[in-house]
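User: I'm new to this structure and would like a close look at just one part of it. Could you walk me through the salt bridges, in plain words?

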Amino acid sequence: MSPDPTSTSSPTSRAIFLDVDGTYADYGVVPEGHVRAVQAARKAGHKVLLCTGRPVSMLSTQIRAAGFDGLVASAGAYVEVDGEVLLDRRFPPELADRTVAALDANRAVYILESQESLHVPAAAMERLKEIIEEHFQQGPDGQSTGASAILEAVELMTDGIPVPFAKVSVFDAPIPVKAIADGIGPAVAVVDNSIADEGRHTGELFQHGISKADGVAVALERLGIRREDSIGVGDGQNDLEMLAYVGLGIAIEGSSPELLAVAQRTAAPPSREGLVAAFAELGLS
């Protein structure tokens, strides 16, 4: 008989995959209770990994400070476990060229995201700075921490595509990002991003067929942990496949109806240190 994924009894080792924005961190800031929960779970023998739409280059020292056994980044395009890179998928050159050409033709404000670096068109930098700072000002500390983690890592694009990229975050465009994606072709898909604002067209462009679930599967195989012993926690549309794939899916309160429908449990948001109670209820710490 398969184990009950909602049971509070703890197997020898479970793998816990945590989304970052809106799940583990609040506007880029990690609550102290979440740090302690992660550290206690790892001390108890469980494996804890970040599972985020962000690339490695957008994960600040503060976000990673608790210590993790690995990470799934760029919404499943990159996987690292115990310092070993297991997967690193980038846009093929021809698709990358078409994507950037379509974004530029529509005067979009965007960041090309690679694991090593972030790149923004020079002409879009001031607008990007305004959008990022406006978003993070809503956070609990006013919010230089979250904004600076992104803006200080961004490099200006001056002559073509500087490095192969895994994903594109669009922060403003004159038309819906879905329309831009349709113009690029079926090899590209779009999902909402975590820095969105009413009245602006935003989204994340990624290669069709890649999801966080793919990264979770790769990490589980490397860890030698069964799928039914995995736990995923998230709050965004790019968490749908992950929560449907893992043994136990946990959605943050207030998530979309689609996400809540595939989750077996809910947890409070990071502003209320929701992972503390969730980990305790599942016997993870």
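Analyst: Let's start with R222, which is partly exposed because its relative accessibility is 37%. (Buried means under 20% relative accessible area, exposed over 50%, and partly exposed in between, using a 1.4 Å probe and protein chains only.) Its salt-bridge partner is E84, with the closest N and O atoms 3.1 Å apart. (A salt bridge here is a side-chain nitrogen of Lys or Arg within 4 Å of a carboxyl oxygen of Asp or Glu.) This pair ties together distant parts of the chain: R222 belongs to helix α7 (residues 212–223), while E84 is in strand β5, 138 residues apart. (Helices, H or I with at least four residues, and strands, E with at least two, are DSSP runs numbered from the N terminus.) E84 is partly exposed as well, with a relative accessibility of 37%.

Before going on, a word about what you're looking at: this is a predicted model, where local features need pLDDT of at least 70 and side-chain atom pairs count only at pLDDT 80 or more, while totals for chains, interfaces and linings use all residues. Residues are numbered from 1 along each chain as its sequence is written, and side-chain values use heavy atoms, leaving out hydrogens and water.

Searching the whole structure turns up 18 salt bridges, and a couple of others are worth a visit. R90 and D88 meet through their side chains, 2.7 Å from N to O. R90 is buried, at 19% relative accessible area, whereas D88, at 35%, is partly exposed.

Then there's R272, which bridges to E253 with the closest N and O atoms 3.2 Å apart. Here again distant parts of the chain are linked, this time from loop to loop: R272 sits between β14 (265–267) and α10 (274–281), and E253 between β13 (248–252) and α9 (257–262), 19 residues apart. R272 counts as exposed because its relative accessibility is 53%, while E253, at 38%, is partly exposed.

Salt bridges can share partners too, and that is how D19, K212 and D239 get joined into one network.
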